[in-house]
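Please look over the structure shown here before reading the report that accompanies it.

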Amino acid sequence: MIKKKVIVAVTGASGSIYSKVLFDRLLTLRDQIEAVGVVMSDNAKAVWQFELGNQDYNHFKDFTFYNKNDFNAPFASGSAKYDTMIIVPCSMGTLGRVAHGISNDLISRAADVVLKERRKLIAVVRDTPFSLIHINNMKTVTEAGGIICPANPSFYSLPQTIEEVAGTVISRVLDLAGFEQESYRWQEQ
């Protein structure tokens with residue numbers, strides 16, 4: 001099995017639970033992963049602290065964290081061959097910068113690299129409702145090869161906790177990223 005090199009970008013949109021659940025799940029998939037590089041915006045850290053009441057993002061020592069302005073991070077270049085980028089949650093500001101090729105920080109630069117190299121970009125947008133600007137930016141990113149995966153949970157697995165609800169979205173994201181995982185499958189239980 002070829003192991004994946006994954007970039008996880010966390011922006012300041014509401015929905016820190018999604019990134020936390022993704023981090024937890026990636027730990028269980030270590031045998032499929034060569035590297036996980038993480039970049040968080042300042043707002044992402046503030047929102048995480050507000051929504052989750054902790055700074056547990058500091059406890060994921062299996063991942064390599066990069067400063068949002070570190071253009072020397074390996075995934076700032078296509079030569080590092082990171083094959084998947086997940087932006088979770090993806091703010092509409094980040095989506096707009098990605099859609100228009102504005103590489104003003106490591107998140108938008110990494111997304112630009114992933115798209116130009118024709119690799120997998122998954123943007124877990126969380127805002128609602130969408131303006132026409134948001135919709136057009138989603139269209140632009142999709143046309144460039146990205147995948148827009150709104151943070152819309154499913155309920156047919158009968159989730160009981162907020163983490164289980166968020167997990168329905170993250171299971172979908174991990175499927176889109178090509179991971180083999182145990183997950184609820186409609187009509188297969």
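The report below describes a pocket, a pair of helices, a salt bridge and some features of the backbone.

## The largest pocket

The model is predicted, and the values that follow are computed from it. The largest pocket holds about 280 Å³ of space, and its lining is made up of 17 residues. Ser154, Tyr156, Thr168, Ser171 and Tyr184 are the lining residues that lie nearest the centre of the pocket.

Helix 6, which spans residues 162–176, gives the most to this lining, contributing six residues. By residue class, the lining of the largest pocket divides into seven polar, six nonpolar and four charged residues.

## Helix 1 against helix 2

Two packed helices are described by the angle between their axes and the distance between the axes. For helix 1 (residues 16–28) and helix 2 (residues 42–52), the axes come within 9 Å and cross at roughly 95 degrees. Angles of 65 to 115 degrees count as roughly perpendicular, and helix 1 and helix 2 are therefore described as roughly perpendicular to each other.

On the side of helix 1, the contact is made by Ser16, Ile17, Ser19, Lys20 and Phe23, while helix 2 supplies Ala44, Val47, Trp48, Glu51 and Leu52. The residues of this contact divide into six nonpolar, two polar and two charged.

## Salt bridges

The structure holds eight salt bridges. In one of them, the side chains of lysine 20 and glutamate 163 meet with an N to O distance of 3.5 Å. This pair links distant parts of the chain, since lysine 20 belongs to helix 1 and glutamate 163 to helix 6, with the two residues 143 apart. Lysine 20 is also among the residues of helix 1 that make the contact with helix 2, and helix 6 is the helix that gives the most to the lining of the largest pocket.

## Backbone exceptions

Most residues other than glycine have a negative phi, and most peptide bonds are trans. Against that background, the peptide bond from valine 88 to proline 89 is cis, with omega near -15 degrees, and proline 89 has its place in strand 4 (residues 84–90). A cis peptide bond also joins threonine 128 and proline 129, where omega is about -10 degrees; proline 129 lies in the loop between strand 5 (120–125) and helix 5 (132–143).

Arginine 118, although not a glycine, has a positive phi of about 60 degrees. Arginine 118 is found in the loop that runs between helix 4 (106–116) and strand 5.

Technical notes:
Residues numbered from 1 in each chain as written. Predicted model: local features only at pLDDT ≥ 70, side-chain atom pairs only at ≥ 80, totals over all residues. Heavy atoms only, no water. 1 Å grid on protein atoms, 1.4 Å probe; cavity = no way out; pocket = protein on both sides within 12 Å on 5 of 7 lines; lining within 4 Å. Points joined across faces, edges and corners; volume = space filled by probe spheres on them. Helix = DSSP H or I, 4+ residues; strand = E, 2+ residues; numbered from the N terminus. Nonpolar A, V, L, I, M, F, W, Y, C, P; charged D, E, K, R; others polar. Axes fitted to C-alpha atoms, helices over the stretch in contact; angles between N-to-C directions. Parallel < 35°, antiparallel > 145°, perpendicular 65-115°, else oblique. Contact = heavy atoms within 4.5 Å. Salt bridge = Lys/Arg side-chain N within 4 Å of Asp/Glu carboxyl O.
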